[in-house]
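Hi,

Here is the structure I promised to pass on to you. Have a look at it, then read my notes below.

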Amino acid sequence: MHYFTNRRGRLTTIMKSLNRSSSVMSPRILVFASLILPFFVSMALAEVHYYDFIVKEVNFTRLCENKLMLVVNESYPGPPIRARKGDTIYVNVYNEGFYGFTIHWHGVKQPRNPWFDGPEYVTQCPIAPGTNFTYQVQLTEEEGTVWWHAHSDWTRASVHGAIVVLPALGTMFPFPEPDEEEIIVFGSWYLGNLRERVEESLQPGSTETLPQSDAYTINGQPGDFLPCSINATWRRKVDHGKTYLLRLVNANIDAEFFFAIAEHNLTVVGLDGAYTKPINTRYIVVTPGQTMDVLLYANSTPGLYYMAGRQYLSTTSDTGFDHMNATAILQYNGNYTTTDAPLFPEHLPMYMSQAEAFNFTNKIRSLASPEHPVNVPKESEITTRMFITASMNSLYCAPDLGPTCVNISFATSVNNISWVNPTTDSILQAYYRNISNPIYETDFPDQPPTYFNFTDGGTTMSTVLTVQGTKVKVLDYNETVEIVFQGTNVMGGAVNHPMHLHGHSFYVLGFGFGPFDPVKDPKGYNLVDPPYVATFVTPKNGWLTIRFVADNPGVWFWHCHIDRHMTWGMEAAFIIKDGGTAETSMLPPPAQMPSCDVPLDSAIRNYEALIEKQME
């Protein structure tokens, strides 16, 4: 359900004011007024939208299996949210399921308001079954496509959807207006009860690994090549000669994704809610968590064409992953006859096509136009430098780690710290009350504990073994931060790591393969039009350098967006202190936050407890 109010009355006031004063304005002032008028018009026309999300288990049939799955408003993917740049959105989330969860607004800055950012036990506790919580989503500089998803365990596999952010009224796209648009969401499908499978694999002594998907989906359907799927394949009808804006969301749990359309080129124009220089390409690659805006020109011979996606795999083994191709059908309208099956995109790269993947990624540049400028922090402005390793590890318990520690064969870490969520309170709520211990510690390191040959598959005890912790990095307001992420090959576990930062977008200055060279590599940084994103990949056995300004006070999570890596501990958080004025300080919490008193760590136990309570 969606409804909104508007505030157009403010526009009349602004226009009258400008008209009254225009006769006495100098030419220079008139030019300045013409530049700032769209800003004031957009602010005057900002709207407030209201959505209701009813979250409950619904019956679905895929791959010949019938099962219950937690979704929003009985749909998979979930309902899209539509608004304009600068609008405010309120989403009332009702939990009619059997376990707690949260919702994150991926790519939305939420200025000064981390209370509604959503990561479980970082900014809030889960929304308990039978309760509701209303999120405020404040759009500011975002324009294009972002998305929302659950941020509790692997619940986002089925609880997710797109957020369409149109240009503010009085402004327009930086490319010719498309005739129509379409949201395309890439998803992961799992047989059985995914939550139970994840829980079982995390039990001490379990021989099961975290599950791999059994299929990929395009707008909720696996497509023609999967069992029991051919009659349900998603189709998009198009008219010859028209232009379509495709809003792509990679909601896959673990998979970077190649995507192409047979006999059609694509033009990328946006990434993570910001515009890019146009990229004309036959295929795209999108990491988990990323969103992409792509123009499709329907200029091929009328007929049927497959839209196809497959996993891009950055490991060295072609086993142990989902080899299935997800397909949908592009169908031209009109009077024509065809007896052939849809054409398949022959130019869709194969699973392990690293060169093709990075050839595409290397082309991404910010639009950097007068209307959509970049503001790359300068070298001289950097106040905090961090070098962060991302590694596969193991965790073995020593006596001093206490009775709650368990041996873990698979763990991940950043700077050799494997993250553990609090369970009794959220970090944000503890920080607001000026309480840290025992919820979190403020000593996340700026450097790894040891430097070694990061890409040689090190197996020494000092590199393999990690320690658990809930450690955050504290930043002063308005600090300029540069981070070099370094992928490692510890335990032979080198893969790509798409890093996502909450509450901010960041500039990607450069990335490359091998150990980062602090003398040579910065000479190749792009300081003119670097990508401005919320999620970007650290290459396998390689490095990624980002810069951002810490101008958003609060607690902000950052993590690898491959969920198995995050489950194993590849994450941490920033605390950004207030700036000293009301306008640069974190807002107070809403009147009602989800309670942290209810243990919600198990779907099975929660279900049984709920049934017992209903029988009392």
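Let's start with Cys228, which is exposed because its relative accessible area is 60%. For that label, exposed means over 50% relative accessible area, buried means under 20%, and partly exposed is in between (1.4 Å probe, protein chains only).

Before going on, some ground rules: this is a predicted model, where local features need pLDDT of at least 70 and side-chain atom pairs count only at pLDDT 80 or more, while totals for chains, interfaces and linings use all residues. Residues are numbered from 1 along each chain as its sequence is written, and side-chain values use heavy atoms, with hydrogens and water left out.

Back to Cys228: what does it pair with? Cys228 forms a disulfide with Cys64, with the sulfur atoms 1.8 Å apart. (A disulfide here is a pair of cysteine sulfur atoms within 2.5 Å.) The torsion about their S-S bond is about 95°, so this disulfide is right-handed. Cys64 sits in the loop between strand 2 (47–62) and strand 3 (65–72), and Cys228 in the loop between strand 11 (215–218) and strand 12 (235–238), so the pair ties together parts 164 residues apart in sequence. Strands (E, at least two residues) and helices (H or I, at least four) are DSSP runs, numbered from the N terminus. Cys64 counts as partly exposed because its relative accessibility is 47%.

The structure holds 2 disulfides. Cys125 and Cys596 are joined by a disulfide too, at 1.9 Å from S to S. Cys125 lies in the loop between strand 6 (103–106) and strand 7 (132–138), and Cys596 in the loop between strand 33 (571–576) and helix 8 (603–615), so parts 471 residues apart in sequence are tied together. Both of these cysteines, Cys125 and Cys596, are buried.

Now the whole chain. You'll find 8 helices and 33 strands in it, and 58% of its 616 residues count as buried.

How far can you trust it? The average pLDDT (the predictor's confidence in each residue, from 0 to 100) is 89, and 86% of the residues score at least 70. Over residues 6–35, though, pLDDT is below 50. Residues 599–605 also stay under 50.

One last stop is Arg197, in helix 3 (residues 194–201). Its side chain reaches the backbone oxygen of Leu191 at 2.8 Å, a polar contact (N or O atoms within 3.5 Å, one able to donate a hydrogen and the other to accept it; residues adjacent in sequence count only if both atoms are side-chain atoms).

Cheers

Methods. Contact = heavy atoms within 4.5 Å.
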